[in-house]
Amino acid sequence: MNQLEQQLIDEYQKGLPVCSRPYLEMANRLGASEGDVVSALSRLKQDGMLSRIGPVFNHKKAGASTLAAMAVPEDELAAVAERVNAFAGVNHNYAREHKFNLWFVVTAPDQDQLQTALKEIELSGGYKVMSLPMVKSHFIDLGFKVKWQ
Amino acid sequence: MDEISQLRLRKAIQDGLPLTQQPYLTLARELGLTEDQVMQTITDWQDDGMIKRFGLVVKHHTLGYTANAMVVWDIPADKVDDVGEKLSACDAVTLCYQRPRQLPEWNYNLFSMIHGQDRETVLQQLAEITEQNGLSSFKRDVLFSYKLFKQCGGQYVQALKRPELKRQSL
């Protein structure tokens with residue numbers, strides 16, 4: 001990863017400029033050209049370093065969401081995960097080391113649609129869904145501090 | 001801006017901004033809005049907290065942070081706010097939420113996340129956090145991830161009854 005790519009990750013996980021030429025403004029601040037910034041971002045995206053450039057929405061204000069878990073026999077896990085992933089509202093689906101071994105976030109436009117989605121996921125997945133909606137956040141998301149080697 | 005336009009803009013940006021010279025103008029043209037309307041709405045959403053953070057969203061795993069532990073804690077109700085504050089102040093902690101217990105199978109009410117370059121580092125960080133904040137008497141469990149099946153932004157806005165927007169998004 002080159003220096004500009006590292007700087008972009010260090011400086012712009014928050015506060016992306018909202019102006020007509022945001023990549024130019026970023027370029028000016030980092031002492032690069034607009035074209036360099038755009039190609040660096042494009043490379044980071046292509047290499048899978050970024051999931052996107054854009055908003056992280058507040059779960060509570062943006063709609064309804066929950067963290068859900070299933071206890072699935074290990075030999076069925078990949079197949080169940082695939083069926084769960086087929087739902088558009090599912091993101092961040094991980095296998096974790098626990099009896100509850102499949103953990104995923106479900107989002108929906110509102111609470112009713114979220115509950116419907118959870119029921120459908122349970123039916124399609126074939127295992128009971130445990131839903132653990134956020135009660136309170138203690139965390140202010142400022143991005144992730146990468147320790148460059 | 002009307003509600004449908006707001007929803008369409010949310011849908012258009014939830015997967016990322018386009019990598020054009022004037023990304024807000026690109027969005028505006030797709031949505032039949034002006035560049036100023038798009039920029040103003042995004043600014044308003046940041047001001048009112050609808051958008052928590054606006055920028056590069058990294059994938060920890062590809063950046064070399066392959067160990068990802070969800071550390072869950074069983075904390076009494078009168079202490080959970082305090083412990084939540086302490087955990088969220090730790091550098092290594094990347095998320096800290098209270099969630100309900102689901103008895104009898106799930107007895108943890110505080111969730112924190114630690115991303116590290118390897119498992120040993122994460123366990124070491126957790127030991128330090130536990131020690132420094134006096135948390136060793138609380139029951140906890142560490143759920144390392146061992147496979148990533150899906151990772152994308154929250155799809156809050158779905159299936160709008162308008163033509164789908166097709167473009168390369170970042």
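What share of the 170 residues of chain B count as buried? In this predicted model, the share is 38%. Chain B holds five helices and five strands. Along the sequence, these elements follow the pattern α-α-α-β-β-α-β-β-α-β. Contacts in chain B were also sorted by separation in sequence. Among those between residues at least 6 apart, 63% join residues at least 24 apart.

Both chains are divided into domains. In chain B, domain 1 covers residues 3–47 and domain 2 covers residues 67–144. The centres of these two domains of chain B, taken over C-alpha atoms, are separated by 37 Å. In chain A, domain 1 spans residues 3–46, and domain 2 spans residues 59–132. Here 34 Å separate the domain centres of chain A, again taken over C-alpha atoms.

The two chains contribute to one open sheet of nine strands. Its order is β5(A)-β2(A)-β4(A)-β3(A)-β5(B)-β2(B)-β4(B)-β3(B)-β6(A), and the pairing is antiparallel. At the edges stand β5 (130–132) and β6 (136–137) of chain A. Each has a single partner strand, so one side of each is left without a neighbour in the sheet. Strands of a sheet pair through backbone hydrogen bonds, either parallel or antiparallel.

Within the chain A part, β2 (residues 64–70) pairs with β4 (residues 102–108). These two strands of chain A are antiparallel and share seven bridges. One position in this pairing is A:T66, which stands opposite A:V106 in β4(A). Two helices of chain A lie across strands of the sheet. Helix α5 (residues 77–85) of chain A lies across β2, β3 (90–96) and β4 of chain A, together with β5 (139–150) of chain B. Helix α5 of chain A runs at about 165° to β3(A). Helix α6 (residues 111–125) of chain A lies across β2, β4 and β5 of chain A. The angle between helix α6 of chain A and β4(A) is about 145°.

In chain B, strand β4 (residues 110–116) is mostly covered, with six of its seven residues buried. Strand β4(B) has β2 and β3 of chain B beside it in the sheet order. Strand β2 (residues 67–74) of chain B is joined to β4(B) by seven bridges, and the two run antiparallel. In this pairing, B:M70 has B:M113 of β4(B) as its bridge partner. Strand β3 (residues 93–98) of chain B is also antiparallel to β4(B), through five bridges. Here B:V93 stands opposite B:I114.

A further pairing links the two chains. Strand β1 (residues 50–57) of chain A pairs with β1(B) in the antiparallel sense, over seven bridges. A:I53 faces B:L56 of β1(B) as its opposite residue.

How many residues of chain B are in contact with chain A? There are 62, and they touch 63 residues of chain A. Several elements of chain B give two or more residues to this side: α1 (3–14), α2 (23–31), α3 (35–47), β1 (51–58), α4 (77–88), β3 and β5. Strand β5(B) gives the most, with nine residues. By type, the residues on the side of chain B that touches chain A divide into 31 nonpolar, 21 polar and 10 charged.

Conventions: Residues are numbered from 1 along each chain as its sequence is written. Chains are lettered from A and ligands numbered from 1 in the order in which they are written. This is a predicted model: local features need pLDDT of at least 70, side-chain atom pairs count only at pLDDT 80 or more; totals for chains, interfaces and linings use all residues. Two strands pair if DSSP finds at least two bridges between them. Helices (H or I, at least four residues) and strands (E, at least two) are DSSP runs, numbered from the N terminus. Two residues are in contact if their C-beta atoms, placed from the backbone, lie within 7 Å. Axes are lines fitted to C-alpha atoms, for helices over the stretch in contact, and angles run from 0 to 180 degrees between N-to-C directions. A residue is buried if 20 or more other C-beta atoms lie within 10 Å of its own, exposed if 12 or fewer, and partly exposed in between; C-beta atoms are placed from the backbone. Ala, Val, Leu, Ile, Met, Phe, Trp, Tyr, Cys and Pro count as nonpolar, Asp, Glu, Lys and Arg as charged, and the others, Gly among them, as polar. Domain bounds come from an automatic or database domain assignment.
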